[in-house]
Amino acid sequence: MLSDHTVSILIFAGIDVIMALSFYLPASAGQLSAGQGGFMALGAYTAAYLTVQHGTPFPLALAAGGLVGGLVGLAVGFPALRLRGLYLVLVTFGFGEMIRVLFLNAPAFGGPAGFAGIPPATTVWHVLGLLVVLLYFFTRLSGSRMGRAFAALRDDEAAAEAMGVNSTYVKLAAFAAGGVIAGLGGALYAHYTLFIDPEAFGVGRSLFVMLYAVFGGLASFWGAVAGAAILSILPELLRWVKDWREIFYGLLVLTMMLVRPQGLLDAALLARLFPRGERAAARG
Amino acid sequence: MPLLAVDGLSRSFGKLVVLSQLDLLVEAGGIHAIIGPNGAGKTTFFNLVTGALGPDVGHIRFDGSEIVDLPSYRRTALGICRTFQNIRLFGSMTVLDNVLLGLHCRTRGGLLTPLVGVPFRRPRAEVGARERAGEILELVGLAGTAARSAVELPYGQQRRLEIARALASAPKLLLLDEPSAGMNTQETIELEALIGEVNRRGVTILLIEHKMSLVMKLSRVVTVLNFGQKIAEGPPAAIQRDPRVIEAYLGSE
C-alpha cells in the first residue's frame, strides 16, 4: 500500500525524530549534547555486530544497542556534571568525535570501509512503534516528578538543589536516557540501511540532530518531533527545486532563526494548540 | 535542645571576611530574626545553613546531627528549606508546578515511572501531590493562580509563591530571606499574618528582614550581625535599645 520510496522517507524521518528526542531529553534538564551521533553509532554498531556475528534476534540486538547507548551516556554524564553551556557542548562534541575515530580504527567493525551485510530487519512499524512509546513516555514525563525536576534544573540549578533536587542524579539520568534513545535510533538505522560506516555518525549527524530540536523549539518535546519531521521530510518534497534545494533549505533554517529564534513551537503557540485543561488531561 | 546550632562558623571570599566565628542557636518552634546592615553576612549565613556554600571552618548541627558536609538537597530532605532574596522561581513552570517541585523530596518516582500505571490516568502519587500543593497554595492565598506561569504573577505574589514552594518540602526550619522586600504596607501586613500562621503550624522560622516593624512584631529573638560578626542578641525590645545596635544599624540610616 505504501511505495518503497514513501516507506524509506517515513523510516528516515522517524529515526530523525527519535534522534531529536534523544537530544531533547537531556536538553530539557539544561544539558546540551553535541554528541548524539556518537550514541547513535554505539547503538548501530552494537546491534549490527550482534545480528551479523552472533545471529542475535533483532529485538534483543535492538535492546542491546539501547543499553550500550545508555551505559555510555551515564559515563559521559559524569564529566558533564561540572560543565555548563558551551563547555558541555564542546566536551560532548569531543565525545562524538572520539566514538567516530574509535570505530574508524576498529577492524572488527570494518574500520573506514564500514560494516556491511547487516540483515534487513527494521520496518516502518518498528520505527512507528518506538515513536509511539516515546511520545507516550514524554507526554507522561512532563507531568511527573522527574519531568518537573528536569525543568527546574534547566531553569535554575541552585534553586532546584535548594528545593531538594539531587542534581547529580537527575543529570546522569537525563544523559543515560538520552543515550538509550539514541542507541535505539542507531540500531534501527543500521538494520534499515544494512551498511554503516563511522562517517554516518560524525559531527554532521550530531549537529543536524541538535538543529532539528532547536528548529522545532525546546519548550516541549513536540518541538523536537515537529522540527525533525519537517526538516527531514521537506528536502524530499523540494526535489523540484533541484539544484537550489540545499540553498532553499539553508535559507529556511536561517529565516526561522531570525523570525522565531525560540523555535517553531514556543510556549505561546503551545498554549494556543493545547489549552491548559486539555494539556493537563493529556498529561494523564 | 535547639533545632539549629551553629558553632564557630566562618566564611571569607578572597580577603573579604564575610562571616567570622559565628555562634548561633535557634530554638525549635519560634521565630528568630537576623538583622544587620547590608553586607553584614546575613545571606551568606543562609547559604551556609542550606548548603549552597561551604564554610571555611565551623559546625552546623540540625535536629541533633552534623550537617555541614551534606549537600543542599539532603539538608532539604532533613527539613531545612529557604526562600530567596532575589526571587528565584522556576520561570518556565506554572505556579502549581513550582509548588509540586517543592514536594520533590517528599514524593517518589523515577525516570521510568511515566511508563508504568494506567494510561491516560494520573498516577495516585501525583493526585496526592496535587492535593497537597493545592492546600499549600490556599494557605498562602494563591489558590486561583495555579495554572498561571510563575513569572507572570505580580511581585508580592511571587514572594508568596516562594514561601509556598519552600513549605511544600515540609520544612522543620524555614529560612526567609527578606520576604517583605518590595512589598507595600498592605502586602506586608498580609505577609506578617502568613508567617505567623506558618509558625503556628509548627514550622520554626529564621527570618532575615529589613522592615523593623515586621521584626519587632513577629520575632521572639533577634540576632544582629555587623561585618560578619554577632554584635547583639536578645528579645526585640532589648535589641531596639541596645546602643551598639543603634550605632551599627539603626544609627546608620
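Helices and strands here are DSSP runs, a helix having at least four residues and a strand at least two. With that in hand, chain A of this predicted model comes to 13 helices and 0 strands.

How does the overall size of chain A fit with its length? A compact globule of 284 residues would have a radius of gyration near 19 Å, and chain A has 19 Å, so the two agree. If you boxed up its C-alpha atoms along the principal axes, you'd need roughly 50 × 45 × 35 Å. Inside, 52% of the 284 residues are buried. The chain also folds back on itself: take the contacts between residues at least 6 apart in sequence, and 79% of them join residues at least 24 apart.

Now for the meeting of the two chains. Here, 25 residues of chain A are in contact with 34 residues of chain B. On the chain A side, the elements giving two or more residues are α5 (124-141), α6 (145-155), α7 (157-162) and α8 (167-193). Of these, α6(A) gives the most, with 7 residues. Sorted by class, that side of chain A has 13 nonpolar, 5 polar and 7 charged residues.

In soluble globular proteins, nonpolar side chains tend to be buried together. The largest nonpolar core in this model has 158 residues, and those with the most contacts inside it include A:Ala20, A:Leu21, A:Tyr45 and B:Ala164. The biggest giver to this core is α8(A), with 16 residues. As for B:Ala164, its partners beyond four places away in sequence are B:Val99, B:Ile136, B:Leu137, B:Val140 and B:Leu142.

Over in chain B, have a look at strand β8 (residues 204-208). Because 5 of its 5 residues are buried, β8(B) is largely enclosed by the rest of the structure. B:Thr204, B:Leu206 and B:Ile208 point one way, while B:Ile205 and B:Leu207 point the other way, and all are buried.

Which strands pair with β8(B)? The table lists two of them.

| Strand of chain B | Sense of pairing with β8(B) | Bridges |
|---|---|---|
| β3 (residues 31-35) | parallel | 4 bridges |
| β7 (residues 173-177) | parallel | 5 bridges |

Finally, β7(B), helix α6 (residues 185-200) of chain B and β8(B) make a right-handed β-α-β unit.

Technical notes. Residues are numbered from 1 along each chain as its sequence is written. Chains are lettered from A and ligands numbered from 1 in the order in which they are written. This is a predicted model: local features need pLDDT of at least 70, side-chain atom pairs count only at pLDDT 80 or more; totals for chains, interfaces and linings use all residues. Two residues are in contact if their C-beta atoms, placed from the backbone, lie within 7 Å. Ala, Val, Leu, Ile, Met, Phe, Trp, Tyr, Cys and Pro count as nonpolar, Asp, Glu, Lys and Arg as charged, and the others, Gly among them, as polar. The radius of gyration is taken over C-alpha atoms; the globule rule is 2.2 Å times the number of residues to the power 0.38. A residue is buried if 20 or more other C-beta atoms lie within 10 Å of its own, exposed if 12 or fewer, and partly exposed in between; C-beta atoms are placed from the backbone. A nonpolar core is a set of buried Ala, Val, Leu, Ile, Met, Phe, Trp, Tyr and Cys residues joined through C-beta atoms within 7 Å. Two strands pair if DSSP finds at least two bridges between them. A crossover is right-handed if, with the strands pointing away from the viewer, the path from the first strand over the helix to the second runs clockwise.
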